[in-house]
Amino acid sequence: MRNIFSKKQRLLSIVFEEHKIRFLEASIIEREISTVHQVFSIENSIVDEGGILDKKKWTELLKTQVKQYKIKAKSVHLVIPSSFIIVRQLTLPDVQEKDLKQMVQFEIGSTIHLPFEQPIIDLVKIKTKEPILNEEGELAAQVVLVAAPGQLIYPLVEGLQENRLKAKIIDIPALSLYRLFKQLHPQLKDEPILLSYVTKEGIDIHILDEGIVWFTRHIPMVITSFLSDLSVEEVLDAKTLLERIQKKENYQSYVFDLGNEIERAINFFQYTLNKRDKRMKGCWIATDLPFTDSFYQYLQERIDVTVHQLTCQPKQINVPMTNEQLLGYEVAAGMLFKEVRHGHGN
């Protein structure tokens, strides 16, 4: 029987992309998403290319959205753009993770250089079968470091607080997308996988192995630049854009470049990071564009890794909406599974 006293949580996911901000408000009960109250997006005009946030504009924008959409959630899951995320592999002394964090904080700016001020960091100490030795022959540890700019995150959080909202979790797109992936494909959650998010402005590519992010990158790849017959003044809606890009001469060029970026990422993982024994188990594509099957078929012909679509699949994850309504909200939905631990866990 269902526990009639089960606590219901109302959560708001806010996902920052390079050109959009996406909102998804949902309720969770019995460790499942019970209701998606609304999904909507607005233009991202508050963060410039350097990661500088217009805090006043953000606070006012948030106030407007809360009022207009009657948002009731008080807890927020915040996701910042991949273009501001740094992932690095380090060899450090073999000590506890909490001590490694202190060590890295101390070394930032001297031996560890990051391209932004006030970095916020997280790290994972990798378990290895064989002992790792540093250049001096001392026992060492392999560490994956993830860093993001505090100069972006702190004012984002302050803007939430000024609207009486609490940032419960701040995360990166790679992990949000991975949570959705492992909810749908639990049998593959520990395998080497590539997850990609495709929009008309660019692509995100993430590589994970055993749930750890080894590679994440945003590649600006404006889809309209592949349209040889597009005039400068022309503005296309999504349907017309797809019709035009799917003309053979445009399509081949676009998919060739997309496949090239995917192959470069895989080569970096396998050869630069020395993961030659790790065979990629698949490439999953999430997108806010309603590509036809021919897109995935043509991409499959371009790369050696098996290509799949990654969609929210409402029935499978108990979301009472359609695929079309949730198209492009895969990262936002995945963020909610930070709270969901049924079945195979989180």
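I began with strand E4 (residues 75-79), which five bridges join to E9, the two running parallel. For the terms, helices (H or I, at least four residues) and strands (E, at least two) are DSSP runs numbered from the N terminus, and two strands pair if DSSP finds at least two bridges between them.

I noted the ground rules next. This is a predicted model, in which local features need pLDDT of at least 70 and side-chain atom pairs count only at pLDDT 80 or more, while totals for chains, interfaces and linings use all residues. Residues are numbered from 1 along each chain as its sequence is written, and side-chain values use heavy atoms, with hydrogens and water left out.

**The sheet with E4 and E9**

I traced the sheet and found five strands, open, in the order E3-E2-E1-E4-E9, with mixed pairing. Strand E3 (32-43) and strand E9 (166-171) are its edges, each pairing on one side only. I read an average twist of 20° from one strand to the next.

I then looked for helices against these strands. Helix H3 (residues 150-162) lies across strand E1 (9-16), E4 and E9, at about 150° to E9. Helix H4 (residues 173-184) lies across E4 and E9, at about 90° to E9. Such angles run from 0 to 180 degrees between N-to-C directions, with axes as lines fitted to C-alpha atoms, for helices over the stretch in contact. Contact means heavy atoms within 4.5 Å.

**The cores**

I looked up the largest nonpolar core and found 100 residues, with Ile-14, Trp-58 and Ile-262 having the most contacts inside it. Helix H6 (residues 248-272) gives the largest share of this core, eight residues. A second, separate core has 12 residues, including Ile-112 and Val-143. A nonpolar core is a set of buried Ala, Val, Leu, Ile, Met, Phe, Trp, Tyr and Cys residues joined through side-chain atoms within 4.5 Å. Buried means under 20% relative accessible area, exposed over 50%, and partly exposed in between (1.4 Å probe, protein chains only).

I checked what Ile-14 touches, not counting residues up to four places away in sequence. Among its contacts are Phe-23, Trp-58, Leu-78 and Leu-160.

**Strand E11**

Is strand E11 (residues 202-209) mostly covered or mostly open? I counted eight of its eight residues as buried, so by the cut-off under 20% E11 is mostly covered. Both faces are covered, with Asp-204 and His-206 among the buried residues on one side and Ile-205 and Asp-209 among those on the other.

I followed its neighbours. Strand E10 (residues 193-198) is joined to E11 by six antiparallel bridges, and Tyr-197 has Asp-204 as its partner in E11. A hairpin of three residues links E10 to E11. On to strand E12 (residues 212-220), eight bridges run antiparallel from E11, and Asp-209 has Ile-212 as its partner in E12. The hairpin between E11 and E12 has two residues, and Glu-210 in the turn has a positive phi of about 55°.

**Cysteines and totals**

I searched for disulfides (a pair of cysteine sulfur atoms within 2.5 Å) and found zero. Cys-283 counts as buried because its relative accessibility is 1%. Cys-312 counts as buried because its value is 2%.

Of its 346 residues, 50% count as buried.
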